[in-house]
Amino acid sequence: MLPSKRAGGGEVVLEQEGPIRSATGSVTKKARVDHVASAAATTESPTSTGNAKSTDNTTIVANNNNNHSSGNVESSIMTLGNGNSQDIDEDLHSRQLAVYGRETMRRLFASNILVSGMQGLGAEIAKNLILAGVKSVTLHDEGVVELWDLSSNFVFTEDDVGKNRALASVQKLQELNNAVVISTLTTELTKEQLSEFQAVVFTDISLEKAIEFDDYCHNHQPPIAFIKSEVRGLFGSVFCDFGPEFTVLDVDGEDPHTGIIASISNDKSALVACVDDERLEFQDGDLVVFSEVQGMSELNDGKPRKVTNARPYSFQIEEDTTNYGAYVKGGIVTQVKQPKVLNFKPLRDALKDPGDFLLSDFSKFDRPPLLHLAFQALDKFILELGRFPVTGSEEDAQKLISLVTSINDNSTDGRLEEINQKILRHFAFGARAVLNPMAAMFGGIVGQEVVKACSGKFHPLFQFFYFDSVESLPTEPLDPNDLKPLNSRYDAQISVFGSKLQKKLEDANVFMVGSGALGCEFLKNLALMGVSCHEKGKLTITDDDVIEKSNLSRQFLFRDWNIGQAKSTVAASAAALINPHLNIEALQNRASPETENVFDDPFWENLNVVINALDNVNARLYVDARCLYFQKPLLESGTLGAKCNTQMVIPHLTENYGASRDPPERQAPMCTVHSFPHNIDHCLTWARSEFEGLLEKTPTEVNAYLRNPNEYTSAMKSAGDAQAKDNLERVLECLDKERCVEFQDCITWARLKFEDYFVNRVKQLTFTFPEDATTSNGTPFWSAPKRFPCPLQFSTDDLSHLHFIMAASILRAEIFGIPVPDWVKSPKKLADAISKVIVPKFQPKEDVKIETDEKATNPLPSSVDDAIVIGELIMKLENCQKCLLPGFRMNPIQFEKDDDTNYHMDLIAGLANMRARNYGIPEVDKLKAKFIAGRIIPAIATSTAMATGLVCLELYKVLDGGHKLEDYRNSFANLALPLFSMAEPVPPKVIKHQDMRWTVWDRWILKDNPTLRELLEWLQNKGLNAYSISYGSCLLYNSMFPRHKERMGKKLVDLAREVGKAELPSYRRHFDVVVACEDDEDNDIDIPQISIYFR
């Protein structure tokens, strides 16, 4: 069970080892949470009695170990900077907090959700909500587990067959997050029971009942969010109704856009120009507020003003500034995000008048209206016959088609001119099946809609969404006999794809790289689909990472007792529990050039497909290059907060992953970070750099010197440059005047660092460049985006100053191995210790060089005297070393962002915020500082689930074979908007020569250990004249060098070893050469890489 550190609204909960099971009682009575629009007005969560009574239900009450401090003044220094976040476990939820923020998380913690229908889709939705951390989830299902369900529900095993679905789900779902109260309902629902919840989700309900329940939810006060979603074979639908007036507090989740003002005109419609540091993201109609404007101070009144005529670096406002003061300098303009009210229609009205459908694939623009009718027709079919259409039954398919036609004919608005019977046949044949990839995809979408309903964060789906993936079906026509059930756990999948494709899935050799958030979802999907679940098949996964607490909020195969263990091993074991037939091997090797002895040629050659589950571009590029080389399909995906994308890399059909690149992130100039920051990112970049310099790099340099003084000083003398001088100065400073022996020395060091960073350096900067300084062309030096700084005045009455000293002194003590006394956490005692520090007066110096060139990259100016100074420093170091205890070593500290008890982020946040205070930049709390300085990638379970579902729909195509380019789909989705975009992949660039064609996918292979002459003749037969052959950086042959003709009879492998110094280990069967060729008309021809097989 996961430890709980949060209360979702103050409920009383019981500490419990295992589940509480009862046979009688009624469903848990939960407190109402006000409609999100009114909830936005307060940060307080409603309270609850929290005691449960139940009938025909199970309740698991989460244990809650929130510790409440006594609140005395002695503890105040410890809580500074945490943003009153005791109710949120930030170590666990840091990646999710980066997407939602604290207020949304608090609303989630107070939300009670019903999920009705615990087949595959219901389980996926419940999983995502439990990981997100809602207050409670009630699982409802009146049916029992069938073997059929094991195709899509990851919590069921064969032992659960015959048990109630909800009861069979509760135990494993509880393991995902012990802080969520999980209940079950196993009898027929009444609409009055829905009043217990803020949102209700139905995945298996008749249209008649759905309309009844939705009417109740729509008219309830406050309204209850109603979501109906279905997955029927390769078709899915979602309907949302959040009430007659639902307020969206944040439509996209993006930070408000800002700009730094360069000028403002005195006009009837004032023109605002901004510095060309970054493009403006404002759009016409946006509201903005102004601050820090000098001269035209009338704009600093905080009143929102509307943007017009928005341009990349300027815009106008609807305001007459003719009589305002003339603009002088400065100013920040900030977007004001406006709430949006949506008027949802109830289901009974929306069915007749659905409005605009959310489109996901422009090649299927006519599909949503057809599916709108198809899902209604399926409901009528089940109502009339009491069953789903039989797979492969033409009679049932025709019955469904006639029902669609009837509904269409009776439609007054939006009547379809043509009914696509082929699509409806596919719909009828797969209607009973819940496929895992579809459940994963829709589980992500619906889970996100529930979060929106409970929090007002992000724009809801309004109101219908339909999706299909009929392209995933095998290319060959399916024999109805091939669709019949085999009494196996894959029967639902077989009913859609047939037993032949099922066998291909089971026999597949798959390599999955990464087993984090994406990897856990993929493993669950692959296990349920039966991929590599036969003795002929094999799934190899690799990941060199270990499990951390922050992983647990979305990497759902891991538990708190797995922290510190290898991800791949734990994930493989968990996946084998989902499907015991899974043939899986877990490795802890990073896929890289260094591990090509593990992932050797035979390994790659035997693969059917590669799935990337990575979180960095370099690793993706490496795997892409290997797939390109061995011509293996690569299924690529990634997430960023609520966004996700997938890319199919298919040999000879699509371009490869590395064919297109995102532009590199823009880096702030060095001088901006060091001396002229103008936003908190600059301050945090500087803070992390200082942290690493003080606590990791310098102690590491000290130890390098102490390990072998002679070797170290010799190396510094040989280098003789500014960097070597700087290294020696830092080592000497650390071992001499800044050496700490007792804890008071650490406090002295921290206090003097404060003075140096936030007082003396600022005084020197403003002395060198006074406020009225001008540039060489006469313009003010301190013009936008530069901000004129002011030195700080240290005060023990300022808790942020004390917190900085505390964090800095504790970490300083750690690197010197000095015990930390408990009294350091007491503001009074710490202030007394600080008062003993003598702070020398500072006098700015003339002729100090401060870098102002934005193109400069080296912060250390070289000097002709460097070598002399280095010699002097080495002599001082030798004298200093004599004073050290034998065997003295320092303890370098590596930055670790995910441990809130180690003071790393306390120091970085302190450094950044004091610097921000110098420059008048808004400060941030420790959590926000962690996101930026720790370079935390925002992540949530919903977008991860959706991405993996989409990829697995493509996996059917890859393993079936024979699909064309137009059958595959790349996708991009933003669940916040929501936006879904599927499109055909881009084909590779084709190169033509004579009657030959090749692409980046082609690799020419010569076997039988050829000679140089044989290679040249082989190319000549293709009309290609090779004039240069190289191995790595070595030239094996060049037609311009007469002596190279002597090499004609030599084996190429011998040339590679003798000339290229190739080391070809025993596991290598070939090596590659790059050949430059031209045709008979002397035109250069770019040919594929050539592989020479010598074994």
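Visitor: With which residue does Lys549 form a salt bridge?

Guide: Lys549 forms a salt bridge with Asp89, and their closest N and O atoms are 2.9 Å apart. A salt bridge here is a side-chain nitrogen of Lys or Arg within 4 Å of a carboxyl oxygen of Asp or Glu. Side chains of opposite charge can pair when their charged atoms come close.

Visitor: What kind of model is this?

Guide: This is a predicted model, in which local features need pLDDT of at least 70 and side-chain atom pairs count only at pLDDT 80 or more, while totals for chains, interfaces and linings use all residues. Residues are numbered from 1 along each chain as its sequence is written, and side-chain values use heavy atoms, leaving out hydrogens and water.

Visitor: What is the mean pLDDT of the protein?

Guide: The mean pLDDT, which is the predictor's confidence in each residue from 0 to 100, is 90 for the protein, and 91% of its residues reach 70 or more. Over residues 1–56, however, the pLDDT is below 50. That stretch, residues 1–56, has 155 contacts in the model beyond near neighbours in sequence, a contact being heavy atoms within 4.5 Å. Over residues 60–76 the pLDDT is also below 50, with 38 contacts beyond near neighbours in sequence. Where pLDDT is low, the predicted coordinates should not be read in detail.

Visitor: Back to salt bridges. How many does the structure hold?

Guide: The structure holds 61 salt bridges. The pair of Lys549 and Asp89 links distant parts of the chain, 460 residues apart. Lys549 is in the loop between β18 (538–542) and α16 (567–578), and Asp89 is in the loop between α2 (76–79) and α3 (90–100). The helices (H or I, at least four residues) and strands (E, at least two) are DSSP runs, numbered from the N terminus.

Visitor: Is Asp89 buried or exposed?

Guide: Asp89 counts as buried, at 3% relative accessibility. Buried means under 20% relative accessible area, exposed over 50%, and partly exposed in between, with a 1.4 Å probe and protein chains only. Lys549, at 24%, is therefore partly exposed.

Visitor: And Glu471, which side chain does it meet in a salt bridge?

Guide: The side chain of Glu471 meets that of Lys364, at 2.5 Å from N to O. This pair also links distant parts of the chain, 107 residues apart: Glu471 is in the loop between β16 (464–468) and α13 (491–497), and Lys364 is in the loop between α8 (347–352) and α9 (367–385). Glu471 is buried at 12% relative accessibility, and Lys364 is buried at 7%.

Visitor: What about Asp960 and Lys504, where are they?

Guide: Asp960 is in helix α29 (residues 941–960) and Lys504 is in helix α14 (residues 499–506), 456 residues apart. Their side chains meet in a salt bridge of 3.7 Å, N to O. Asp960 is buried at 14% relative accessibility, whereas Lys504 is partly exposed at 36%.

Visitor: Which residues do salt bridges that share partners join into one network?

Guide: The network joins Asp361, Lys364, Arg367, Asp468, Glu471 and Arg969.

Visitor: New topic. Where does UniProt place the "active site"?

Guide: An unreviewed UniProt entry places the feature "active site" at Cys671. UniProt positions are given in the numbering used here, feature names are shortened, and annotations may be inferred rather than shown by experiment. Cys671 is found in helix α19 (residues 670–675) and is buried, with a relative accessible area of 3%.

Visitor: With which residues is Cys671 in contact?

Guide: Leaving aside its neighbours within four places in sequence, Cys671 is in contact with Phe676, Glu851, Thr852, Asp853 and Glu854.

Visitor: Why is helix α4 largely enclosed by the rest of the structure?

Guide: Helix α4 (residues 102–109) is largely enclosed because 7 of its 8 residues are buried. The buried residues are Arg102, Thr104, Met105, Arg106, Arg107, Leu108 and Phe109.

Visitor: What is at residues 968–1090?

Guide: An unreviewed UniProt entry places "domain: Ubiquitin-activating enzyme E1 C-terminal" there, at residues 968–1090. Over residues 968–1090 the chain is 13% helix and 37% strand, and the end C-alpha atoms are 29 Å apart.
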